[in-house]
Amino acid sequence: MSEALRFEGIGKAYHDGGREPVVVLDGASAALDAGEIVALVAPSGTGKSTLLHIAGLLDTPSAGVVHVDGRSTAGLDDRARTRLRRDAIGFVYQFHHLLPEFSALENVALPRRAAGLGRRAAEEGARDLLARVGLAHRVSHRPAELSGGEQQRVAVARALANAPKLLLADEPTGNLDPETSEQVFSMLLARVRETGLTALIATHNPDLAARMDRILHLRDGRIVEG
């Protein structure tokens, strides 16, 4: 089975003036096979978001290499990183980060437009994705007119807009009440399994983690299988 994502000795340290560097990741290594859904579990503030941002090419490691879809990202320039991120990776944040001035349809269509599709094709695909996450009746609504759960469903649809091979989700239900969290997580899990893509989902909820194929723990800057 092919690898969709691999970390090799990822390190990340932040420097604050003349103080000692703050080490967040220290030799984190792991691999995800194509089609796997893997939980990344750790308490808040221990580097989950940092690792996901590095995996999603939104940040660069201080040490180590990330491989996406079998391709090393070491040495890629900004344009190549942007292209790989656009074409191969979808990202769902804890806070949806939808553009408030655009409708749900427009928010989901934007990545498709950025990938070169015309407006009609981009919006047709966006409309289909919104229907698949149960929002066919809300396509014209702006984020402020949607509930928290609906906003996160739009964010999931946006992450899937360009049919990525890898989905990264950073506490995607952490800002929702328990009932809405369950609804959104079940929808997300169903969509990931239906499309057969690979997913790395950060959570501190052990019940959600147990529903995935495998669990990785982040401890002292390293990844431990568990």
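## The second largest pocket

The second largest pocket of this predicted model has a volume of about 160 Å³, where a volume is the space filled by probe spheres set on grid points that are joined across faces, edges and corners. A pocket, found on a 1 Å grid over the protein atoms alone, is an open set of points with protein on both sides within 12 Å along at least five of seven lines, while a cavity is a set of points where a 1.4 Å probe fits but cannot get out; lining residues have an atom within 4 Å of a point. Of the 14 residues that line this second pocket, K48, S49, Q94, D170 and E171 lie nearest its centre. By class, its lining has two nonpolar, nine polar and three charged residues; here Ala, Val, Leu, Ile, Met, Phe, Trp, Tyr, Cys and Pro count as nonpolar, Asp, Glu, Lys and Arg as charged, and the others, Gly among them, as polar.

Residues are numbered from 1 along each chain as its sequence is written. Because the model is predicted, local features need pLDDT of at least 70 and side-chain atom pairs count only at pLDDT 80 or more, although totals for chains, interfaces and linings use all residues, and side-chain values use heavy atoms, with hydrogens and water left out.

## The largest pocket

The largest pocket holds about 470 Å³ of space, and among its 18 lining residues R85, R86, I89, F91 and P111 lie nearest its centre. Two or more lining residues come from each of helix 2 (78–88), strand 6 (89–92), helix 3 (104–114) and helix 5 (148–159), where helices (H or I, at least four residues) and strands (E, at least two) are DSSP runs numbered from the N terminus. Helix 3 gives the most, with four residues. The lining of the largest pocket is made up of ten nonpolar, five polar and three charged residues.

Strand 6 runs parallel to strand 7 (residues 166–170), to which four bridges join it, and I89 has L166 as its bridge partner in strand 7. Two strands pair if DSSP finds at least two bridges between them.

One aromatic pair is found in a search of the whole structure. The ring centres of F91 and Y93 are 4.6 Å apart and the ring planes stand at 20°, so this pair is stacked; rings of Phe, Tyr and Trp (its six-membered ring) pair if their centres lie within 6.5 Å, and planes under 30 degrees apart count as stacked, over 60 as edge-to-face and the rest as tilted. F91 counts as buried at 11% relative accessibility, whereas Y93, with a relative accessible area of 23%, is partly exposed.

Four strands form an open sheet in the order 2-1-4-5, with antiparallel pairing. Strand 2 (22–33) and strand 5 (71–72) stand at the edges with a single partner strand each, so one side of each is left without a neighbour in the sheet. Nine bridges link strand 1 (residues 3–14) to strand 2 in the antiparallel sense, and R6 stands opposite A31 in strand 2.

## The cavity

The structure holds one cavity of 30 Å³ or more. The residues that line the largest cavity are E171, P172, T173, F185, I201, A202, T203, L208 and M212, with strand 8 (residues 198–203) giving the most, three residues.

Conventions. Buried < 20%, exposed > 50% of the residue type's maximum accessible area, 1.4 Å probe, protein only.
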